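Student: I am new to this structure and would like to learn how to read it. Could we go through a few features one at a time?

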Amino acid sequence: MLRMTILLLMMSLTLGSAFAATIEQADGARLSRTCAGCHGTDGASPGKEIPIIGGQIDKYLQKALAEFSTDKRPGDVMRNLSKGYSVDEQKQIAAYFATKPWVNTPHAVKSNAGANLVKSCKGCHGSMGEGRGSFPRVAGQHPDYLYQSLLEYKHGDRSSSLMKLVRKLDDATLKEMADYYSAIK
Amino acid sequence: MKRRNFIKYGAVGMGAASLYGPNVFAAGHNRRRVVVVGGGYGGATAARYIKLIDSSIEVILIEKNDQFVSCPISNWVLVGMKKMSDISIGYEGLAARGIQVIKDEVIGIDAAAGYVQGKKGRVEYDRLIVSPGIDFRYDLIDGFNNEAKKVFPHAYKAGPQTVQLQQELQALQPGGTVLMTVPDNAYRCPPGPYERASLIAEYLQKNKKGSKLIILDPHQKIASKGKLFKAAWDAYYTDVIDYRTEEIIASVDAKKKTISTYEEEFKADVINFIPDQKAGKLAFDLGLVPEKKLWAPVKPLTLESTLVPGVHVIGDATDSLTSGPMPKSGFVANSMGKVAAATVVAELSGKKAPLPSFANTCYSMVNGTEAIFVTGVYKYDAATDKNIKIKEASKTSPGRSDYYGRCAEDWATSIWSDMLS
C-alpha cells in the first residue's frame, strides 16, 4: 500500500494537476470515519464492550493497531480490520482519534472504592487515569471493557510486562478497579 | 443508454426550498445545497456527515417515512428479543444539526435543470445523493399478486411487515410449520436470512414445541458465513431446521397458502418469502439503472452515477460490479454515505475529492446470546480503477460467542448514533 502511495505521488507530480485532481494522499479523517460504525462518531463509543477511542493517547492507539495487525493482541474483529491498513495509515488513524474530544462512558459504575485501590496504576496511567506518555487513558472508559482488558492481562492473553502486577489480584478487585476508573470524569 | 426523466410541473414552491432560475451553476449564484433522498443507513449518514465536515453547506433530506426503522436488529424483534420501538428512531437529531428534513416521496428528476420532483413539489440541488434501497422482483414468481404479498410477508424492509411476521410467529400453534425462502443473486444483507432462520429456530424450540422451520435456499450451501451458521445449526437446531438447497421457487398460491418449486409444493402455517431483489424504485424513476438491468452503476472513486451526472448513488442500490465488492450491508451503506459526503463537500468547495475508503463489520446472532461476524476493508486501486477488497482484513469470525453477541448490541447503538444523532 505504501509503495502504491509513493508511486501515485510520483505520477501525480509528473503528470500534473489533471491526474492529481483525483489522487490524494491518505488522510486520517477519510480512513477513520468508517470506524464510527462500531466505535461511535469520532470514537466516542456509546456501547458497553467496544471501547471509547476518541481522545485516547496517540501512541497507545498506534501500538494497539500495530499489535492487532500482527496478531499479538487479542481482539478478533480488530485483528481482521487492522490488517486493512498500512503502518503509516494506522498512525494517521491513531493521530486522528487522538485529536478528538474524550466523551466519558454513559455506563459508569458508581464506585465506593478510595483512590488507594489504584495507587499502583497512577505512575503510568496518570494521577486521574488520564493517561501519560504512551500509556492509555482509562478514566471514563467503559467499565466492562476495562474489566475485560484487565482479565486479558491477568491471564496473559494480552502480554505486557508492565501489567503483570494484576496477575496476583483476584477478579473482584479487578472489577472494582474497572468500575472505579469508569466513574472518573 | 442515458435516460432522462423529465416531469413538468408548475412552479409550486416548497416553502423553505426556494426556487432559483434553472441554471443553478450560473455565475454569481453562491448557493451550496446538497439534497439527499432516502433516510436510511446511506442517506441519513450522508446528510449528517456533510454537516460534520462543512456545516455551511445547506443539506435537505427527503424521506417518505416518518421515522427510520432499522432492518439490522429487526430479526431480533421478530422473536421478541427487542421491540419495534428499539429499532425506530426519528429524524430530530438530524434536524437539530440544521438539516432540513422533508417528508415526501421523490418520483422524478430533471438533472439538467438540477431538481428532483417530489409528490409535494420540486427541490433544487447543487449536488444530489440518493440512497434508494431495494425492491423485490415479484415478476419472477407466478401468482405473486397483491393478496400473495399480504399472505407471504418478506419483512425485509423493517416496518409493518416486521410486526406482521412477529405476530404470525407468536400465533403459531405448537407443532406448526414455518417456511422461509432465501433470495438468489445479489440481495440485501447476505447473512440476513440465515440469522433470521437461527433466531426463529430457537424461538420455535423454546416456545412452540414440535414446530419445524423449512428453509428453501436456491444456493448450493449457506451463502454467507456458511461454516459458522452450519456449525451453530448442527449444534442447536437439528430437531427444528429442515434446510433445503438448490430450491428455485416457481410459483405461489395465496389462497392455498402454498409455495411451489418446479418439483414440489410446500404448505406452511407461516410463510416468510424473501424474493430476489433489485434497486429500489427510486433508482429506476430517476434513470439511474440501465435498460434491463437491476442495479445502479457508479464511479468507484466518487460513487457518482455513470448515467446521470451530479447524482451520487449509495447503499444497497449500487451495482457492485462498479462500486466494488462491498456487500450490501448497513455498515457499507453508512461507509458509502461518508464517501459521498466528503466527495460532494470537496466538489462544492472547488477541492479535489478525497480517495474513498470503505469498511464492513457485520454481526449475526445464531441464538439469543451468541453471534458470529464478518469484517471487510475496501480501498481504491488506481491500477484497475476499481475499489478492491483487502483480503487480510476481510474474514469471518473464528467462531461464535456471547461476547460477539454483546458487541452486536454495541454495533447498533454506535451506528445509529453515527447516522441519526
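Student: In which sense do E14(B) and strand E15 of chain B pair, and over how many bridges?

Tutor: Strands of a sheet pair through backbone hydrogen bonds, either parallel or antiparallel. In this predicted model, E14(B) and strand E15 (residues 258–261) of chain B pair in the antiparallel sense, over four bridges. Two residue pairs show where to look. B:Val252 has B:Ile259 in E15(B) as its bridge partner, and B:Ile249 has B:Thr261 in E15(B).

Student: What lies between the strands in the hairpin of E14(B) and E15(B)?

Tutor: Four residues lie between the strands of that hairpin, and B:Lys257 takes a positive phi near 55 degrees.

Student: In what order do the strands of the open sheet in chain B come?

Tutor: The order is E14-E15-E16 (chain B), three strands with antiparallel pairing. Strand E14 (249–253) and strand E16 (265–267) of chain B are at the edges; each has a single partner strand, so one side of each has no neighbour in the sheet. From one strand to the next, the twist averages 25 degrees.

Student: Now the helices. At what angle do helix H1 and helix H11 of chain B pack?

Tutor: Helix H1 (residues 41–53) and helix H11 (residues 402–420) of chain B pack at about 55 degrees, and their axes are 7 Å apart. An angle between 35 and 65 degrees falls in the oblique class, so H1(B) is oblique to H11(B).

Student: Which residues in H1(B) and H11(B) meet?

Tutor: From H1(B), the residues are B:Tyr41, B:Ala44, B:Thr45, B:Arg48 and B:Tyr49. On the H11(B) side they meet residues including B:Trp411, B:Ile415, B:Trp416 and B:Asp418. The residues of the contact of H1(B) with H11(B) divide into eight nonpolar, two polar and two charged.

Student: How many salt bridges are counted between chain B and chain A?

Tutor: The count is two salt bridges. B:Lys379 forms a salt bridge with A:Glu89, where the closest N and O atoms are 2.6 Å apart. B:Lys379 is also among the residues of chain B that lose the most area to chain A.

Technical notes. Residues numbered from 1 in each chain as written. Chains lettered and ligands numbered in written order. Predicted model: local features only at pLDDT ≥ 70, side-chain atom pairs only at ≥ 80, totals over all residues. Heavy atoms only, no water. Pairing = 2+ DSSP bridges. Helix = DSSP H or I, 4+ residues; strand = E, 2+ residues; numbered from the N terminus. Axes fitted to C-alpha atoms, helices over the stretch in contact; angles between N-to-C directions. Parallel < 35°, antiparallel > 145°, perpendicular 65-115°, else oblique. Contact = heavy atoms within 4.5 Å. Nonpolar A, V, L, I, M, F, W, Y, C, P; charged D, E, K, R; others polar. Buried area = accessible area lost by both parts, 1.4 Å probe. Salt bridge = Lys/Arg side-chain N within 4 Å of Asp/Glu carboxyl O.
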